Amino acid sequence: MEFKKPEIETAVENGDLEQVKKLASGQDIVELDRMHRLLEWAVIYEHKDIAQYLLDNGVDINTVYIKTNVLEAAAGRETDEMIRFLLERGIEIMCTADDRNPASRALANNRLENFKLILEKEKEILSDEEYHKLIEYYKDYATVFGYATGIMEYLGVSPDAGRGKVPTKEDRKKLVSCLKNGIQSAARDAAETYADEEIYIFSIQADDTLSYVTVYVNTEEKFKAALRDDDENPEEGKYYYRYCEDEWELVEDNKGYFKQAVDYVRKENLYVEDALEWDYMILDALRQIRKEGYMETLFKNPVILTIYMHDHCDGEELAEAFRQINDESISKEYAEHLEDFF
């Protein structure tokens, strides 16, 4: 069954402010934003009037969607209009040396003016030492995106700068071990955090350079609540809410679950041409975890394992990865309903 996008999301996408107001009338707009990520879509589609309406009616400009606020989405747009609007409204800049920093998105999308604007603001916020470390991080990061020549020139990085070495068999073995340890640590903490709920799925996501790894988790209780809260098409959205990581919770990496893996990549200056290579290392780690029955030691109920690799693969690759770490019946359901969430 084809998944039908909720009306209010379509209205935001189309820039129809009056329709958004009509659909939001009499409802808790903060809760609507939580359910549908309206501010994020308004920024992505560059509808400043809708973003203004949402903020004026109580939506928190610093709401974190997945792992960062909407300034990251604005940084990938073709102009700096939304960035300037959000900065004027007081949005916070995540000045982290990873892909949560909006300058990372500007670099990855080759948006020089956006990159410069954000860095100028970060220079005002950070100490000289912190800013210098951030610049060094982006010099390294820019060599991965060799096509962003304008940004590389701005940072003083040669377009011919080396991209690093391809991981050897030993590098891969080391990284799989680090990733496995990180996933297991995150799973242990999730089991404690959600002790009163029934976790049914875990998903792991790596960014293009393995500078950050994210763990998503969902519970049967939160899945059922999402269906109840969807007044428009709960039955049609069943597999979307069940398998779409964007609707789940994050296991916060405050204990540095994947620091060992991330540090190893930087230390060894590892580079892969296709980001799927990182996903396949995660897949190897998950295969080992499944083979050893680790999740069964933490949870009474069966737990699904998957990888959030949507940006790097096609549907067949996603379904095949899922099949390798889950049983036959759940893999069949996943593949049959892939179009609902992929």
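Helices and strands in these legends are DSSP runs, a helix (H or I) having at least four residues and a strand (E) at least two, and both are numbered from the N terminus. The model shown is predicted.

**View 1. Pro302 lies in the loop between helix α17 and strand β4.** The loop runs between α17 (294–298) and β4 (304–307), and Pro302 counts as exposed there because its relative accessibility is 73%. Although Pro302 and Ile199 are 103 residues apart in sequence, their C-alpha atoms are 8.8 Å apart in space. When its neighbours within four places in sequence are left aside, Pro302 is in contact with Ile199 and Tyr200.

**View 2. The charged end of Arg242 sits over the rings of Tyr200 and Phe223.** The distance from this charged end to the centre of the ring is 4.3 Å for Tyr200 and 5.1 Å for Phe223. Phe223 belongs to helix α13 (residues 220–229), where Glu220, Phe223 and Leu227 are buried. These residues cover an arc of only 65 degrees around the axis, and therefore they lie on the same side of α13. Among the elements that cover the buried residues of α13 are β1 (199–206), β2 (213–219) and α14 (238–243).

**View 3. Phe115 and Tyr154 form one of the aromatic pairs of the model.** A pair of aromatic rings is described by the distance of the centres and the angle of the planes. With ring centres required to lie within 6.5 Å, the count comes to 16 aromatic pairs. In the pair of Phe115 and Tyr154 the centres are 6.3 Å apart and the planes stand at 85 degrees to each other, an edge-to-face arrangement. This pair links distant parts of the chain, since Phe115 is in helix α9 (residues 112–125) and Tyr154 is in helix α11 (residues 149–155), 39 residues apart. Are the two partners buried or exposed? Phe115 counts as buried because its relative accessibility is 0%, whereas Tyr154, with a relative accessible area of 36%, is partly exposed. Tyr240 and Tyr241 make another pair, and because their ring centres are 5.2 Å apart and their planes lie at 65 degrees, this pair is edge-to-face. Tyr240 and Tyr241 are both buried. Returning to Phe115 and Tyr154, ring pairs link these two residues with Tyr137, Tyr138 and Tyr141 into a cluster.

**View 4. Four residues of helix α7, namely Met82, Ile83, Phe85 and Leu86, are buried.** Helix α7 spans residues 81–88. Just after α7 comes Gly90, which takes a positive phi of about 90 degrees.

**View 5. Glu46 and Asn269 have a positive phi although neither is a glycine.** Where is Glu46 placed? Glu46 sits in the loop between α4 and α5 (48–56), and its phi is near 55 degrees. Because its relative accessible area is 34%, Glu46 is partly exposed. The C-alpha atoms of Glu46 and Val12 are separated by 9.9 Å, while the two residues are 34 apart along the chain. Apart from neighbours within four places in sequence, Glu46 is in contact with Arg77, Thr79 and Met82, and Met82 is one of the buried residues of α7. Asn269, with a phi of about 55 degrees, is found in the loop between α15 (259–268) and α16 (276–292). Its relative accessibility of 44% is why Asn269 counts as partly exposed.

**View 6. The largest pocket holds about 1300 Å³ of space.** Which of its lining residues are the closest to the centre of the largest pocket? Of the 45 residues that line it, they are Arg37, Arg105, Asp246, Tyr308 and Asp311. Elements that each supply at least two residues of this lining include α1 (7–13), α3 (29–36) and α4 (38–44), and also α6 (71–74), α8 (102–108) and strand β1.

How values were computed
Residues are numbered from 1 along each chain as its sequence is written. This is a predicted model: local features need pLDDT of at least 70, side-chain atom pairs count only at pLDDT 80 or more; totals for chains, interfaces and linings use all residues. Side-chain values use heavy atoms; hydrogens and water are left out. Rings of Phe, Tyr and Trp (its six-membered ring) pair if their centres lie within 6.5 Å; planes under 30 degrees apart count as stacked, over 60 as edge-to-face and the rest as tilted. Buried means under 20% relative accessible area, exposed over 50%, partly exposed in between (1.4 Å probe, protein chains only). A charge sits over a ring if NZ of Lys or CZ of Arg is within 6 Å of the ring centre and within 35 degrees of the ring normal. The arc is that of the directions from the helix axis to the C-beta atoms. Contact means heavy atoms within 4.5 Å. On a 1 Å grid over the protein atoms alone, a cavity is a set of points where a 1.4 Å probe fits but cannot get out, and a pocket is an open set with protein on both sides within 12 Å along at least five of seven lines; lining residues have an atom within 4 Å of a point. Grid points are joined across faces, edges and corners, and a volume is the space filled by probe spheres set on the points.
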